[in-house]
Each structure stands twice: as structure tokens, then as C-alpha cells.
Amino acid sequence: MMSNEKIGVGEGSSSSGGAITIASTPHQDNHHRQPSSAPAPQQLSRYESQKRRDWNTFGQYLKNQRPSVPLPQCSYNHVLDFLRYLDQFGKTKVHLNGCLFFGQPDPPGPCTCPLRQAWGSLDALIGRLRAAYEENGGLQENNPFASGAIRVYLREVRDLQAKARGIPYKKKKKKRPNLQIKASNNNDGATSANFQLQS
């Protein structure tokens with residue numbers, strides 16, 4: 001027979017200081033014991049996994065600064081520096097103003113222009129980090145990822161990359177469903193209408 005016991009678990013989030021206490025009840029007969037139906041650890045979605053990786057990467061970036069920057073002291077300037085730092089790992093060719101291929105969507109040959117992070121990747125990264133900041137205890141009004149300076153920087157990167165590729169950026173418009181109305185006359189002179197939603 002088992003007696004009541006309490007098991008402390010070091011990780012977890014609860015109001016009891018991070019420890020989860022599980023109490024087991026005594027069982028009189030081990031042969032009639034039901035299999036444990038403890039929920040398996042929930043696998044994170046792709047978005048949640050990426051958000052966690054991005055958050056950890058940003059945290060490591062702040063720790064590697066000299067002197068290291070504690071997260072509560074992080075400002076939009078640190079975020080801008082982080083985005084510029086990431087450019088060295090980019091895979092998008094961004095032609096400079098003096099390049100022969102500047103403004104050409106499909107350049108005919110290679111050039112020495114730098115590789116950068118694509119605007120869309122940076123925009124998605126900032127969105128994930130903005131959410132992660134608040135999920136990790138940051139206040140919405142102090143969120144450095146939601147700063148106007150970050151939005152301006154992203155807009156400048158978007159416009160520069162669009163000009164360098166010769167393809168103007170056009171915001172995608174959401175398609176509105178078309179509503180078709182078909183009216184028909186019956187033999188008795190009454191009119192009926194059919195409404196059909198098309199996408």
C-alpha cells in the first residue's frame with residue numbers, strides 16, 4: 001500500500017513559487033490500478049517554438065554585449081543594433097546604389113553587393129519578439145519591440161530592398177467576397193431573388 005506523499009517539482013509556473021505539488025492517494029490493490037492518464041507534455045506549435053528560439057537568441061545577444069544589458073534596461077536602440085547584427089547572416093542580395101544591377105529584379109550576373117536579412121523575415125521576427133516580451137513579464141507600454149523607431153526602421157528596410165530589386169512594394173489587399181444577386185420573375189408576376197456568395 002502507498003501512503004499519501006507529496007512530490008515537489010522544481011520547474012513549472014504556479015502561485016506557490018514555481019513548485020508544483022502532486023499528492024497521490026493510497027491504493028488498496030495494485031492489480032486494479034488504472035494506468036496513469038497524466039497528460040503528455042504538449043508539443044509547441046511551429047510559431048511558439050520559433051518565438052522561444054528568437055527570444056533566447058535575443059537574450060543571448062544582450063548577455064554578450066560589453067557590458068551585458070539586463071532585459072529590463074533593454075531599449076529600442078538595442079533592438080535596432082540586434083537587427084543590424086543579424087544582417088551578417090542574411091541571404092537576400094541587396095544591390096547598392098552604385099551597382100550596375102540596382103533596380104533590376106533578375107540581374108544577369110553576380111556582383112559584390114552585400115547579403116542582408118529580408119524585410120519580411122525581420123518584420124516577422126519583430127512580431128514574435130514583441131509577443132515574447134510581454135509573455136515574459138514585460139509591460140506593453142515599455143515594449144522596445146513595439147517602438148515607433150522599430151516601425152520606421154522596418155519601413156526603410158522594406159523600401160530600400162524594394163528599390164534595390166526594382167520591384168515596388170505593394171501592400172496586399174484582402175479580397176472581399178462578391179455578393180451576386182440574381183432576380184427572377186415567376187409566372188404569377190412575383191419577383192424572387194437568389195443571393196450567392198462568391199469568393
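Q: If buried means under 20% relative accessible area, exposed over 50% and partly exposed in between (1.4 Å probe, protein chains only), is Asp54 buried or exposed?
A: This is a predicted model, in which local features need pLDDT of at least 70 and side-chain atom pairs count only at pLDDT 80 or more, while totals for chains, interfaces and linings use all residues. Residues are numbered from 1 along each chain as its sequence is written, and side-chain values use heavy atoms, with hydrogens and water left out. Asp54 has its place in helix α1, where helices (H or I, at least four residues) and strands (E, at least two) are DSSP runs numbered from the N terminus. The relative accessible area of Asp54 is 9%, so this residue counts as buried.

Q: How many residues apart in sequence are Asp54 and Arg128?
A: Contact means heavy atoms within 4.5 Å, and, leaving aside neighbours within four places in sequence, Asp54 is in contact with Leu125, Arg128 and Leu129. The C-alpha atoms of Asp54 and Arg128 are 7.6 Å apart in space, although along the sequence the separation of these two residues is 74.

Q: Which residue makes a polar contact with the side chain of Lys51?
A: Lys51 lies in helix α1, which covers residues 46-64, and its relative accessible area of 3% is why Lys51 counts as buried. Not counting residues up to four places away in sequence, Lys51 touches Arg128, Ala131, Ala132 and Glu135. A polar contact is a pair of N or O atoms within 3.5 Å; within protein, one atom must be able to donate a hydrogen and the other to accept it, and residues adjacent in sequence count only if both atoms are side-chain atoms. At 2.6 Å, the side chain that pairs in this way with the side chain of Lys51 is that of Glu135.

Q: Are α1 and α3 roughly parallel or roughly perpendicular to each other?
A: Axes are lines fitted to C-alpha atoms, for helices over the stretch in contact, and angles run from 0 to 180 degrees between N-to-C directions. Angles under 35 degrees count as roughly parallel, over 145 as roughly antiparallel, 65 to 115 as roughly perpendicular and the rest as oblique. Helix α3 spans residues 119-135 and packs against α1 at an angle of about 80°, with the axes 9 Å apart. The two helices are therefore roughly perpendicular.

Q: How many charged residues does the contact of α1 with α3 have?
A: The α1 side of the contact includes Lys51, Asp54 and Trp55, and the α3 side includes Arg128, Leu129, Ala132 and Glu135. In this classification Ala, Val, Leu, Ile, Met, Phe, Trp, Tyr, Cys and Pro count as nonpolar, Asp, Glu, Lys and Arg as charged, and the others, Gly among them, as polar. The contact has eight nonpolar residues and two polar ones, and its charged residues number five.

Q: What separates the C-alpha atoms of Trp55 and Asn136?
A: Trp55 lies in helix α1, and it counts as buried because its relative accessibility is 13%. Leaving aside neighbours within four places in sequence, its contacts are Leu71, Leu129, Ala132, Tyr133, Asn136 and Phe145. Trp55 and Asn136 are 81 residues apart along the chain, yet their C-alpha atoms are separated by 9.4 Å.

Q: Are α3 and α4 roughly parallel or roughly antiparallel to each other?
A: Trp119, Leu122, Asp123 and Ile126 of α3 meet Ile150, Leu154, Val157, Arg158 and Gln161 of α4. The contact divides into six nonpolar residues, one polar and two charged. The axes of α3 and α4 (residues 148-165) come within 9 Å and cross at roughly 165°. These helices are therefore roughly antiparallel.

Q: Is the crossing of α2 and α4 left-handed or right-handed?
A: The axes of α2 and α4 come within 9 Å and cross at roughly 25°, which means that α2 is roughly parallel to α4. A crossing is left-handed if the near helix is turned anticlockwise from the far one by less than a right angle, and right-handed if clockwise. The crossing of α2 and α4 is right-handed.

Q: Is Pro72 buried or exposed?
A: Pro72 is found in the loop between α1 and α2, and its C-alpha atom is separated by 7.9 Å from that of Gly138, which is 66 residues apart along the chain. Because its relative accessibility is 77%, Pro72 counts as exposed.
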